[in-house]
Amino acid sequence: MRAARARTPRRPKATPSNVLKDPVGVYCRVRPLSEQDVECCIEVVSDTTVQLHPPDGYRIFRNGEYKETQYTFKEVFGTLVTQKQLFDVVAKPLVEDLIRGKNGLLFTYGVTGSGKTHTMTGSPGDGGLLPRCLDMIFNSIGPFQAKRFVFKLDDKNGVDVQCEVDALLERQRREAMPVQKTPSGKRQIDPEFADMINVQDHCKVEEVDEDSVYSVFVSYVEIYNNYIYDLLEEIPYDPIKPKWNSCNTPMRKGDKWNSCSTPMRIDDFIPPQSRVLREDQNHNMYVIGCTEVEVKSTDEAFEVFWRGQKRRRIANTQLNRESSRSHSVFMIKLAQAPLDADGDNVLQEKEQITLSQLSLVDLAGSERTNRTKAEGSRLREAGNINQSLMTLRTCIEVLRENQMYGTYKMVPYRDSKLTHLFKNYFDGEGKVRMIVCVNPKAEDYEESLQVMRFAEMTQEVEVARPVDKPLCGLTPGRRFKNQAFKDELSRKLEARGGPVIGETEDQSVTEMFLQNFPPLPSCELLDINDDQTLPRLIDALEKRHKARQMLSEEFAKNALAFKTMMQEFDTKMVSKENFAQGKLAEKEKAIAGQRMEIERLEKKNKTLEYKIDILEKTATIYEEEKRTLQQELESKSQKLQRQASDKRRLEARLQGMVVETTTKWEKECERRVAAKQLEMQNKLWVKDEKLKQLKAIVTEPKPEKPERPSREKDRERGLQRSVSPSPVPGDVFKTRGGGQAVQFTDIETLKQESPTGRKRRSSQSSPNPPEDGAESEWTDVETRCSVAVEMRAGSSLGPGYQHHAQPKRRKP
């Protein structure tokens with residue numbers, strides 16, 4: 001066996017580095033009680049504290065009283081709070097960060113029926129956080145929005161910038177399509193959601209970079225049964241989408257494409273395609289192939305949201321009439337880029353583009369199946385919802401432990417699509433805020449208790465503060481300065497009576513030159529003797545000739561000066577051009593190096609993506625093997641438990657049999673001992689009887705004249721001799737076998753003495769009598785006495801003696 005590794009002790013909390021961190025902002029909102037709910041288990045103690053107390057019938061005693069718990073949040077909103085107050089505190093700072101180029105995550109958390117969807121979406125006449133965020137964004141960047149398709153998103157979670165000509169061609173191409181992909185902001189608002197976006201607050205960010213242009217892109221996905229689906233997909237969307245074969249009928253699983261004979265069942269429909277998560281070059285997670293729509297107004301953005309909201313999976317349960325069965329994620333991307341030095345066009349440099357994102361998440365409510373009475377697909381949905389929320393709790397716990405104790409445990413982001421999608425937020429790519437929605441009714445006490453504990457733990461997690469975007473290096477205020485210069489120049493030209501900017505280019509240089517000469521006099525000759533007209537004409541021509549010479553000299557001087565200036569300018573331009581060429585060559589070398597580096601990184605990225613795919617497949621295989629091994633382990637554990645239970649039962653049975661057998665043998669031994677004692681007592685009694693009879697025979701008086709009695713007399717005498725004396729007093733009691741036993745209380749001992757003067761003849765049949773007649777006679781008497789005693793003893797005991805002396809042996 002492998003040696004056990006020593007467990008590393010927890011280190012104290014590490015000292016903070018130069019990176020600034022902020023805790024996750026957790027807020028609590030208490031829903032008002034409905035009319036049928038009477039008992040309340042949640043009380044707002046202060047602006048930051050709520051108190052939970054068990055309802056009636058729920059027994060948690062502490063020192064003989066009910067146990068009440070208090071939980072502290074960043075801010076607590078009671079039942080009378082408005083949507084605007086909640087927005088100003090929670091969501092408004094996230095919108096300000098979005099416009100400044102920072103990411104943000106806001107999600108609602110709570111049990112089913114606690115008001116999460118109402119907090120996020122709102123109700124008619126009272127919009128929630130989502131429409132208010134959209135309204136604030138477009139109120140802030142409305143005058144500075146770029147034209148449509150100037151910013152173009154790519155497939156790798158990046159953005160490119162196009163020139164005005166390419167954007168114009170893209171708009172014309174989209175407008176020429178039979179179905180317009182981009183919703184128009186001029187269409188009428190759907191009355192179903194018109195009241196939700198009618199926000200009169202006109203909230204906006206005060207300090208917006210006026211030298212940049214902005215574009216907003218929105219996308220909407222849902223995470224259902226741990227799969228990601230696009231809610232803005234332009235195909236007919238059904239909860240279960242079939243594929244169609246050549247006979248224009250839905251295709252079943254396993255059927256060929258041209259199969260038309262088999263009927264279709266609803267269970268055979270092929271589900272819609274799930275989207276895949278990827279990580280971009282900035283380590284941000286994104287959904288591949290997700291539809292992202294460019295919007296230009298609040299109405300247009302909310303219309304896109306509402307279109308996806310109708311496709312979201314909801315169902316009627318015992319706890320909520322419209323219960324969300326999936327986690328919905330509405331993502332707002334803001335692309336911004338600076339204007340060029342003239343303040344007219346977007347700077348065509350991809351490095352200067354900033355892309356920020358705000359994710360608004362409406363989590364599905366956790367629920368207990370014993371309360372919702374869920375069955376079938378609803379039970380599977382509830383299990384997946386609870387599993388994803390449990391994974392979120394696990395990630396928060398591991399992050400908290402790593403930060404508090406300096407450990408380096410791997411956070412299990414990949415265990416759920418929900419946590420994997422927002423991995424970069426918890427790793428320091430933006431602010432994270434959570435609104436805990438609770439229902440104060442007594443039936444939700446246990447679920448609310450779990451929600452409060454999770455929220456309290458989440459507040460202890462710190463997220464790195466995002467850095468500010470770098471400055472572009474151009475002169476600030478160039479958008480309005482360039483426009484003010486043009487307006488001032490046009491005003492001055494109009495004040496001088498000259499043309500405005502653009503009209504002086506049409507005026508001839510010759511006309512401007514001729515206006516500087518003196519006017520010519522009249523050249524008409526009316527009389528041959530007229531001597532005034534010609535002298536005046538000659539004088540005017542001489543003046544014009546002098547003016548022309550002066551202008552020529554001035555022009556030559558100006559031309560020489562201009563030539564000199566041009567030569568100097570050429571020299572400077574040549575030097576600047578040489579300098580620029582050198583710089584350009586250096587830039588080209590740097591660009592070539594960067595391109596090579598980009599190519600290398602792209603190859604490396606492809607290799608890493610390939611490795612990631614392999615690792616994901618390997619992880620899937622390992623997970624399957626792990627699941628199989630866990631199932632085998634569980635089955636073997638159950639088998640071992642059954643064997644241990646059988647062993648315990650067998651041991652108990654054997655122990656019972658041993659006890660029973662021991663008791664049985666003890667009883668048998670007692671019975672045998674009693675029988676043996678009885679047998680010995682009977683034998684002793686027989687001996688006593690024999691002694692008594694012998695005593696009676698010995699002590700019988702001797703007749704004076706012995707004569708041979710007749711046979712009848714011998715019989716009578718024999719019968720008289722067999723009579724035993726009166727038995728010794730004793731106790732009689734019943735035995736276990738059903739008979740009777742005698743217990744003697746006294747013992748009599750017989751002593752034998754030799755008779756004197758008594759001689760009996762031996763049998764007359766003996767031809768030779770012995771010499772010593774007395775000895776022969778005594779021997780004969782003794783023999784007859786012993787025979788008589790045995791006969792009498794046998795006859796006096798009867799059948800009872802046989803039962804007591806020889807007890808029947810029982811089977812053990």
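Predicted model: local features only at pLDDT ≥ 70, side-chain atom pairs only at ≥ 80, totals over all residues.
Reader: How far apart are Glu170 and Arg173 in helix H4?

Author: Glu170 and Arg173 lie three residues apart in helix H4, which covers residues 164-175, and so about one helical turn separates them.

Reader: OK, and what do the side chains of Glu170 and Arg173 do?

Author: They meet in a salt bridge, with a distance of 2.5 Å from N to O. As background, side chains of opposite charge can pair when their charged atoms come close.

Reader: How many salt bridges does a search of the whole structure find?

Author: The search finds 24 salt bridges across the whole structure.

Reader: Switching to helix packing, how do H1 and H3 cross?

Author: Helix H1 (residues 83-99) and helix H3 (residues 129-141) have axes that come within 9 Å and cross at roughly 45°. The crossing of H1 past H3 is right-handed.

Reader: Which residues make that contact between H1 and H3?

Author: On H1 they include Leu86, Phe87, Ala91, Val95 and Ile99, and on H3 they include Leu129, Cys133, Met136, Ile137 and Ile141. By class, the contact of H1 with H3 has 11 nonpolar, two polar and four charged residues.

Reader: And what about H3 and H5, at what angle do they pack?

Author: H3 packs with helix H5 (residues 298-309) at an angle of about 150°, and their axes are 9 Å apart. That angle makes H3 roughly antiparallel to H5, and H3 passes H5 in a right-handed crossing. The contact is made by Leu130, Pro131, Leu134, Asp135 and Phe138 of H3, together with Thr298, Ala301, Phe302 and Phe305 of H5. Those residues divide into seven nonpolar, one polar and one charged.

Reader: Strands next: what is the order of the open sheet of three strands?

Author: The order is E3-E4-E7, and the pairing is antiparallel. Strand E3 (42-44) and strand E7 (69-72) are at the edges with a single partner strand each, so one side of each has no neighbour in the sheet. Neighbouring strands of this sheet are turned against each other by 25° on average, with direction ignored.

Reader: How many bridges join E4 to E7?

Author: Four bridges join strand E4, residues 49-52, to E7, and the two run antiparallel. Thr49, for instance, stands opposite Thr72 in E7.

Reader: Then there is E14 and E15; how many residues sit between them in the hairpin?

Author: Two residues sit between E14 and E15 in that hairpin, and Asn225 in the turn has a positive phi of about 55°. Strand E14 (residues 212-224) is joined to strand E15 (residues 227-230) by four bridges, with the strands running antiparallel.

Reader: What is the bridge partner of Val221 in E15?

Author: Val221 has Asp230 as its bridge partner in E15.

Methods. Residues numbered from 1 in each chain as written. Heavy atoms only, no water. Axes fitted to C-alpha atoms, helices over the stretch in contact; angles between N-to-C directions. Left-handed = near helix turned anticlockwise from the far one by under 90°. Contact = heavy atoms within 4.5 Å. Nonpolar A, V, L, I, M, F, W, Y, C, P; charged D, E, K, R; others polar. Parallel < 35°, antiparallel > 145°, perpendicular 65-115°, else oblique. Pairing = 2+ DSSP bridges. Salt bridge = Lys/Arg side-chain N within 4 Å of Asp/Glu carboxyl O.
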